[in-house]
Amino acid sequence: MSNFFTTTPICCPSRVSILSGRYAHNTGAIANSKAGWCGKGTYWQGPGQNHSLPVFMKAGGYKTGIFGKELNVNTDNYISPGWDRFFVLGGTSEGHYYRNWFNDQGHRLQLNDSDYMTSVIEQRALSWLKDVTNDENSEPFFAYIAPHAPHVIATPAPGSYNMFEGLEAPRFPSWNYSTEGKHWLIQAQPPLTDYAVTVSDELYRNRLKTLVGVDRLMQSVVKLLTERGVIDDTYFMFTSDHGFHLGEFRMPYFKAQPYDTDLRVPFYIRGPGVKAGRVSNAIGLNIDIASTILDLADIPPPPAHVVKLDGRSLKEVLVANSTGHVGTPADWRYLFLFEFWFGTHDYLPTFGPYDHHIIAAWNNTYKGIRTIPLNQQQDSFGEQSGQAARLPPAIQYHQLKYVEFEDNVNFKEFYN
């Protein structure tokens, strides 16, 4: 999909939205901390998880397994509801690719200097997939494989150290650029120094090198499922929890901004009824993933009085129906909400390691709307639908963004 977005551009809140099918303002998980309702003892890691994708899949007859990063504040003895196999990165291990610890089915597993994190996740996922696809098991399976890569500190995968030499981070028009039309955090950024550019480009290359390990993991999974004869009955989805900027608006690296570098994420799907090479231009969101998986698995969504999912199934957008038709429906969304929180007025600005650039502050809290005209969401841009024709001309024909910041000047951004 060419227009896939996260609704909250930071780790844990986005991952909770993926697993719940709900906006962060509905899950309560708004930050990467227990204080942000993203850890043990919070509403989400408790009652909220009882209404999550693995619970629904397990109730629908699926074997379920999670491997890699779940939340940001995990403990070594807690197993989230719905998972038959639970192998998740420990909360205090984040950012390290060696010597991690994992919650391995409720027991702490400490890794050593030779255990590369992505490779360990690959080994555990393959072991479980072998078990659930053997001749004695007839139940379908749902695997949630979440490598930490390419998260900073972005330690290269074994064998990738000499790859991607000379590559630079993309130089978009916003690279090393600032303007009074942006909020305080952007206006406060000094120009990138030569050192900051060098380190930012190095991080870009190292992130690519970590993805070599992810490529190997994916190849191993595809190879195993092919050998087991289930590849043609299996859907694969590939996406991320948020985007990332590398030099845009003078910020050497980070996320959490209301711009497409941080909101837009990849989304690929393979499986029965999915036409190879087709690109859908429909708006897709991280909150759609749970509804989509349930739909593909023929599992009805939970009743609205139990929990109301905010997302919408992407099946009709991505998978051909019985007549072979697939495309963006005339009543598809033309806008979506995105949101981000960063603490209270008591929070001091957070600085990154490169020349003391500010990467976050309390007034980088916002809500925004992003629009894409319906005619630009068709596989081939064409006539507006009846719904689109009833919209104001600006929304019919232009991509727009409006953002309101919760700061002391009530700053707003609006542009196409």
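Let me start with a term: contact means heavy atoms within 4.5 Å. What we have here is a predicted model, where local features need pLDDT of at least 70, side-chain atom pairs count only at pLDDT 80 or more, and totals for chains, interfaces and linings use all residues. Residues are numbered from 1 along each chain as its sequence is written, and side-chain values use heavy atoms, with hydrogens and water left out.

Take Y144. Leaving aside neighbours within four places in sequence, Y144 is in contact with R15, I18, L19, G65, I66, F67, K69 and W83.

Y144 also belongs to the largest nonpolar core, which has 69 residues. Such a core is a set of buried Ala, Val, Leu, Ile, Met, Phe, Trp, Tyr and Cys residues joined through side-chain atoms within 4.5 Å; buried means under 20% relative accessible area, with a 1.4 Å probe and protein chains only. The residues with the most contacts inside this core are M1, M57, F142, Y144 and L318. Helix α8, residues 289–296, gives the most to it, with five residues. A second, separate core has 26 residues, including M117 and W128.

Now the whole chain. It has 11 helices and 15 strands; these are DSSP runs, H or I of at least four residues for helices and E of at least two for strands, numbered from the N terminus. Of the 416 residues, 55% count as buried. Among contacts between residues at least 6 apart in sequence, 68% join residues at least 24 apart.

The C-alpha atoms fill a box of roughly 65 × 60 × 45 Å along the principal axes.

Key
Buried means under 20% relative accessible area, exposed over 50%, partly exposed in between (1.4 Å probe, protein chains only).
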